[in-house]
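Please have a look at it first, and then read the points below.

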Amino acid sequence: MKTRILLADDHEILLDSLTDSINFSEFLEVVCTAKNGLEVLEKLAIYDVDVLVCDMQMPQMDGIATVLQVRQHYPHLKILMLSMLEETHLIEQAIQAGALGYVLKKAKKAELEKAILAVANGGRCFGNEIVEILNIAEPVRENLPYMLSAREIEVLKLIALENSSVEIAAKLNISLNTVESHRKSIYQKLHLKNLAGAVRFALDHKLID
């Protein structure tokens with residue numbers, strides 16, 4: 001039996017294209033679509049689905065709000081986020097809200113299919129670039145007052161040493177967008193406002209000499 005999917009995205013052309021692409025799989029079937037979070041709830045009241053594949057940016061009710069509502073009313077439904085957004089804090093919000101996976105829209109078809117099937121079976125699955133962005137691993141350095149990932153600590157060190165985002169990307173072999181995403185997440189978690197604050201924090205916690 002195919003995995004039954006509710007696909008939610010506010011861009012009609014992309015919605016149609018994704019529907020066709022997913023339905024081409026021998027394991028997956030899009031049984032209904034929605035263009036916003038309110039439509040998602042309406043469709044769930046009518047259709048029996050296994051997985052909600054949901055965009056982050058939608059009118060009337062965005063992806064995070066939709067996930068929270070779905071988890072409240074349909075706690076057993078599996079949710080996968082499919083989005084263009086790469087910001088660390090947004091990805092973490094989606095996971096905290098109850099999404100089991102997160103894949104970027106630029107991912108290849110095989111990667112999306114793998115993620116849907118993994119989530120449908122109760123697992124967690126993140127696209128290759130999401131793994132890079134989050135650097136999914138155990139938090140390190142227990143003396144830090146906020147939980148930073150290993151990658152965020154690496155980025156913070158380089159920021160504190162006054163490396164530019166371009167230089168950090170080259171040294172860590174990651175994209176410039178990923179660096180900026182880490183920078184934003186670090187500044188938010190540590191309540192930093194500028195480079196001076198990052199340097200002071202790194203010195204106080206002996207991340208740099």
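1. Let's start with Glu 152, which sits in helix α7. Helices here are DSSP runs of H or I with at least four residues, numbered from the N terminus. This is a predicted model, in which local features need pLDDT of at least 70 and side-chain atom pairs count only at pLDDT 80 or more, while totals for chains, interfaces and linings use all residues. Residues are numbered from 1 along each chain as its sequence is written, and side-chain values use heavy atoms, leaving out hydrogens and water.

2. Is Glu 152 buried or exposed? Glu 152 is buried, with a relative accessible area of 1% (buried means under 20%, exposed over 50%, partly exposed in between, with a 1.4 Å probe and protein chains only). Its side chain makes a polar contact with the side chain of Ser 185, at 2.8 Å (a pair of N or O atoms within 3.5 Å, one able to donate a hydrogen and the other to accept it).

3. The axes of α7 (residues 150–160) and α9 (residues 176–190) come within 10 Å and cross at roughly 90°. That makes α7 roughly perpendicular to α9 (65 to 115 degrees). The residues of this contact divide into six nonpolar, two polar and four charged.

4. Helix α5 (residues 109–120) has twelve residues and reaches 17 Å from first C-alpha to last, close to the expected 16 Å (1.5 Å times one less than the number of residues). Among its buried residues are Glu 111, Leu 112 and Ile 116. Gly 122, with a positive phi near 90°, follows α5.

Technical notes: Axes are lines fitted to C-alpha atoms, for helices over the stretch in contact, and angles run from 0 to 180 degrees between N-to-C directions. Helices (H or I, at least four residues) and strands (E, at least two) are DSSP runs, numbered from the N terminus. Angles under 35 degrees count as roughly parallel, over 145 as roughly antiparallel, 65 to 115 as roughly perpendicular and the rest as oblique. Ala, Val, Leu, Ile, Met, Phe, Trp, Tyr, Cys and Pro count as nonpolar, Asp, Glu, Lys and Arg as charged, and the others, Gly among them, as polar.
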